Amino acid sequence: MQRDKRLFQKIIRRVNNAIKDFAMFSRNDRVLLAVSGGKDSLVLALVLRHLNYNFEVLHIDLHIQGYSREACDKVSNFCEFHEIPFTIISSFDAVGLEVGKLNTANKTCAVCGSIKRQIFNSFASEKGLNVIAVAHNLDDEAAMLFANNRLWHFDYLKKSLPVLQAKQGFVKRVKPLCYVRESELKEFSEQAGIDVVKTTCPFSRYGSRLKYNHILAHAENEFSGFAYDYYLSFIRQFRLVESIEAEQLELQPCKECGELTTSGYCRLCRVKKGEWDN
Ligand code: AMP
Ligand code: ZN
């Protein structure tokens with residue numbers, strides 16, 4: 001068997017195990033796959049298609065100069081070539097914001113995350129898709145977990161779990177790549193010649209994410225398998241985390257747009273008012 005076929009089989013096995021271990025979805029579910037145009041989400045699209053799941057792709061045009069155009073083109077070319085149903089939504093059309101024009105300094109990545117989440121949820125709800133799959137890999141999740149570990153904020157720690165159950169206006173969100181290493185996805189996408197977005201988002205250097213990725217990569221160099229042990233041990237203990245879940249803040253509709261939020265106005269409405277700092 002060719003090297004890329006063997007690696008693809010390995011990735012398929014891991015995705016299959018994650019889907020089963022965490023009861024992410026079955027063939028009766030209708031899945032929205034959020035695709036950025038990067039290697040992780042494009043490989044996940046190939047795996048879900050191979051496994052015959054009922055899914056469609058959503059890509060959000062975030063209007064980031066020097067980045068979004070290429071991402072939209074890569075996603076549409078890929079989906080057309082592989083005959084995967086897809087939709088591209090402009091963040092401006094959906095929520096009135098262009099990430100490239102936000103005036104949010106080093107908070108841009110956080111606001112961008114909120115924009116994506118809101119659009120994923122409303123698109124899935126409107127189309128009757130009952131699961132949202134995102135393509136965070138094991139190393140992404142370990143780095144995120146480490147960042148949230150800094151303050152041991154249980155509500156944030158819970159976000160690192162492979163499944164976030166549906167609640168109050170939020171569609172169930174799952175991470176089928178939670179057992180797959182970043183290096184495996186990179187190697188496979190290169191071997192298979194998948195045409196992924198080459199440029200990195202110009203805002204990523206302002207966020208803290210890359211710094212945490214570097215810290216975890218360093219730990220991995222010192223202790224082989226560190227990210228795997230760290231993240232999987234967390235997952236194994238997740239029942240414990242759930243049982244000590246801090247009192248949940250009640251969500252209420254935003255006073256401006258009705259989106260569910262913990263404060264009077266949702267994050268996106270605060271950004272529009274120029275009050276974006278928390
Ligand atoms: P990121 O936060 O950019 O690492 O992205 C995490 C996940 O969100 C990716 O693996 C994709 O599943 C999804 N995603 C990121 N950017 C987009 C986008 N522009 N459109 C749709 N999904 C996206
Ligand atoms: Zn709002």
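This is a predicted model: local features need pLDDT of at least 70, side-chain atom pairs count only at pLDDT 80 or more; totals for chains, interfaces and linings use all residues.

Visitor: How do you know that the span of helix α9 agrees with its number of residues?

Guide: Helix α9 covers residues 209–222, which is 14 residues, and at 1.5 Å a residue it should span 20 Å. Its end C-alpha atoms are 20 Å apart, so the two agree.

Visitor: What makes you say that the buried residues of α9 line one face?

Guide: Seen down the axis of α9, the buried residues fall within an arc of 105°, so they line one face of the helix. Those residues are Tyr-212, Leu-216, Ala-219 and Glu-220, and buried here means under 20% relative accessible area.

Visitor: Which residues of α9 are exposed on the other side?

Guide: Lys-211, His-214, His-218, Asn-221 and Glu-222 are exposed there; the cut-off for that word is over 50%.

Visitor: And what covers the buried residues of α9?

Guide: The cover includes α6 (138–149) and α10 (226–236).

Visitor: Over to the second largest pocket, then. What is its volume, and which element gives the most to its lining?

Guide: The volume is about 210 Å³. α1 gives the most to the lining, with 4 residues. The elements giving two or more residues are α1 (3–21) and α2 (39–50).

Visitor: How many residues of each class are in that lining?

Guide: The lining has 4 nonpolar, 3 polar and 3 charged residues. Among the lining residues are Phe-8, Leu-46, Phe-188 and Ala-192, which count as nonpolar because Phe, Leu and Ala are in that class.

Terms used:
Residues are numbered from 1 along each chain as its sequence is written. Chains are lettered from A and ligands numbered from 1 in the order in which they are written. Side-chain values use heavy atoms; hydrogens and water are left out. The expected span of a helix is 1.5 Å times one less than its number of residues. Buried means under 20% relative accessible area, exposed over 50%, partly exposed in between (1.4 Å probe, protein chains only). The arc is that of the directions from the helix axis to the C-beta atoms. Contact means heavy atoms within 4.5 Å. On a 1 Å grid over the protein atoms alone, a cavity is a set of points where a 1.4 Å probe fits but cannot get out, and a pocket is an open set with protein on both sides within 12 Å along at least five of seven lines; lining residues have an atom within 4 Å of a point. Grid points are joined across faces, edges and corners, and a volume is the space filled by probe spheres set on the points.
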